[in-house]
Amino acid sequence: MIFIRPIASGSTGNCYLIWDGATRILIDAGIPVRRIQSACGFHLSDVTGCLISHEHGDHASHAKDLIRYGIDIYTGQGTIDALEGTRAELSGPYVHPIKALTQFRVGSFSVLPFDVEHDAKEPMGFLIQSHESGEKLLYFTDTYYLKYRFSGIDYLMAECNYTQARLLEAVSEGAVPAYRIDRLAHSHMSLEALEDMIRANDMSRLKQVWLMHLSKDNSQEDVMKESIQKLTGAEVYVC
């Protein structure tokens with residue numbers, strides 16, 4: 001079985017711990033390493049690697065701090081280039097450039113990165129398979145659309161940033177500037193887009209759905225959870 005522990009999710013920081021009984025990996029590192037360390041029971045030495053989806057601070061700002069604990073960082077060359085010269089710069093032998101659609105191994109996990117649609121240099125999602133359990137986990141965040149199709153997914157970790165109804169309501173109330181509609185529509189996934197994605201893919205093995213990166217102003221947690229539960233019949237968690 002693959003176990004999922006959200007450490008942080010949202011625009012203030014993202015980090016998730018994944019393990020299958022043999023290997024522990026992190027996905028994204030947008031929060032201070034002390035919080036990550038605490039969530040891992042102060043045993044960062046048990047973490048084999050960290051996947052970084054893209055260069056934005058809420059996903060990558062503390063990745064370089066993990067290197068001090070001997071944790072390998074896996075991310076696209078575009079992300080590495082985008083962070084060059086910043087406080088979050090990634091360099092050295094623990095940093096491993098990866099390419100979309102080129103599979104690699106991290107302990108007992110096989111990881112297939114794939115490109116997603118976001119306003120970053122080389123944003124990626126990850127299809128992760130455990131060689132211990134044979135199960136598959138699909139992770140994507142900060143994208144408004146997926147151009148690929150997937151099958152045999154057991155665990156889905158998906159951005160569900162906003163609902164279209166709540167976004168329009170927030171704009172009409174003056175809580176959200178109208179100009180933000182276009183950026184959200186071309187950089188983050190709505191509930192409606194996630195529903196379309198689920199319908200377009202083989203989710204017959206789906207056990208759990210984790211809804212991530214909810215907008216503070218534009219999400220409707222209860223509506224999102226109920227809609228995805230009804231659509232999939234799987235366990236649904238909001239983080």
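## Overall fold

Of the 239 residues of the protein, 53% are buried (under 20% relative accessible area with a 1.4 Å probe, protein chains only). The model is predicted, with local features requiring pLDDT of at least 70 and side-chain atom pairs pLDDT 80 or more, while totals for chains, interfaces and linings use all residues. Residues are numbered from 1 along each chain as its sequence is written, and side-chain values use heavy atoms, without hydrogens and water.

The protein holds 8 helices and 13 strands, taken as DSSP runs (H or I of at least four residues; E of at least two) numbered from the N terminus. Its C-alpha atoms fill a box of roughly 50 × 40 × 30 Å along the principal axes.

## Contacts and surface

Among contacts (heavy atoms within 4.5 Å) between residues at least 6 apart in sequence, 60% join residues at least 24 apart. The accessible surface of the protein is about 10400 Å², and carbon and sulfur atoms contribute 47% of that area.

## Helix 7

Helix 7 spans residues 191-199, and its buried residues are Leu191, Leu194, Glu195, Met197 and Ile198. These residues lie on the same side of helix 7 because they cover an arc of only 160 degrees around the axis (directions from the helix axis to the C-beta atoms). The buried residues of helix 7 pack against strand 10 (136-140), strand 11 (155-159), strand 12 (208-212) and helix 8 (221-232).

Methods:
Buried < 20%, exposed > 50% of the residue type's maximum accessible area, 1.4 Å probe, protein only. Areas by Shrake-Rupley, 256 points an atom, 1.4 Å probe, with all protein chains shown as cover.
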